[in-house]
Amino acid sequence: MKRMLKILLLLVAGMLAAALSGCAVNRATATVDPSADLAAMKTMHVQRLEEDGYNVNVLIADKLRGMGYEVSTGTEKRTDVDALVTYWDKWMWDITMYLLELTITIRDPRTDYPLATGTSLHTSLTRKSAQGMVDEVIGNIFKGGEKE
């Protein structure tokens, strides 16, 4: 009987560990086109999503300004800058609202060609603040190569 109880406890612990590890997913990736010279850019425009109720555009613009870029933001698409920055954010509810996934794309403003793209995904158990996700994505795109 004691052995049966021990096996049952091990089985329950294994199932619990498998269930909880499935809830803890982190993924952060970035790709930069070999033709892109992000360090040579001086001006950028962060195009705000119409439905963005969390001002993610402001977080992105502030991060890029902190790196030395001249950055504007708004809903309009500008072509008179060195790069157009677009983003996609997905928010989820789990006791509180949190940013589940953020994708930031740096584009050629005249052709819309994606010069660099970064994505960060953190599920509820490993959630980060929206600022932390912006920092992670921008950091992965620029890989520590902040503009001087």
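**Exercise 1.** Work out how many helices and strands the chain has, and in what pattern they follow.

*Solution.* Start with the count: there are 3 helices and 6 strands. Here helices (H or I, at least four residues) and strands (E, at least two) are DSSP runs, numbered from the N terminus. Next, walk along the sequence, and you get α-β-β-α-β-β-β-β-α. Keep in mind that this is a predicted model, where local features need pLDDT of at least 70, side-chain atom pairs count only at pLDDT 80 or more, and totals for chains, interfaces and linings use all residues. Residues are numbered from 1 along each chain as its sequence is written, and side-chain values use heavy atoms, with hydrogens and water left out.

**Exercise 2.** Find what share of the chain is buried.

*Solution.* Take the cut-offs first: buried means under 20% relative accessible area, exposed over 50%, and partly exposed in between (1.4 Å probe, protein chains only). Then apply them: of the 148 residues in the chain, 39% are buried.

**Exercise 3.** Is Ile95 buried or exposed?

*Solution.* Go to the loop between β4 (83–94) and β5 (96–107), where Ile95 is found. Ile95 is not a glycine, yet has a positive phi of about 70 degrees. With 69% relative accessibility, Ile95 counts as exposed.
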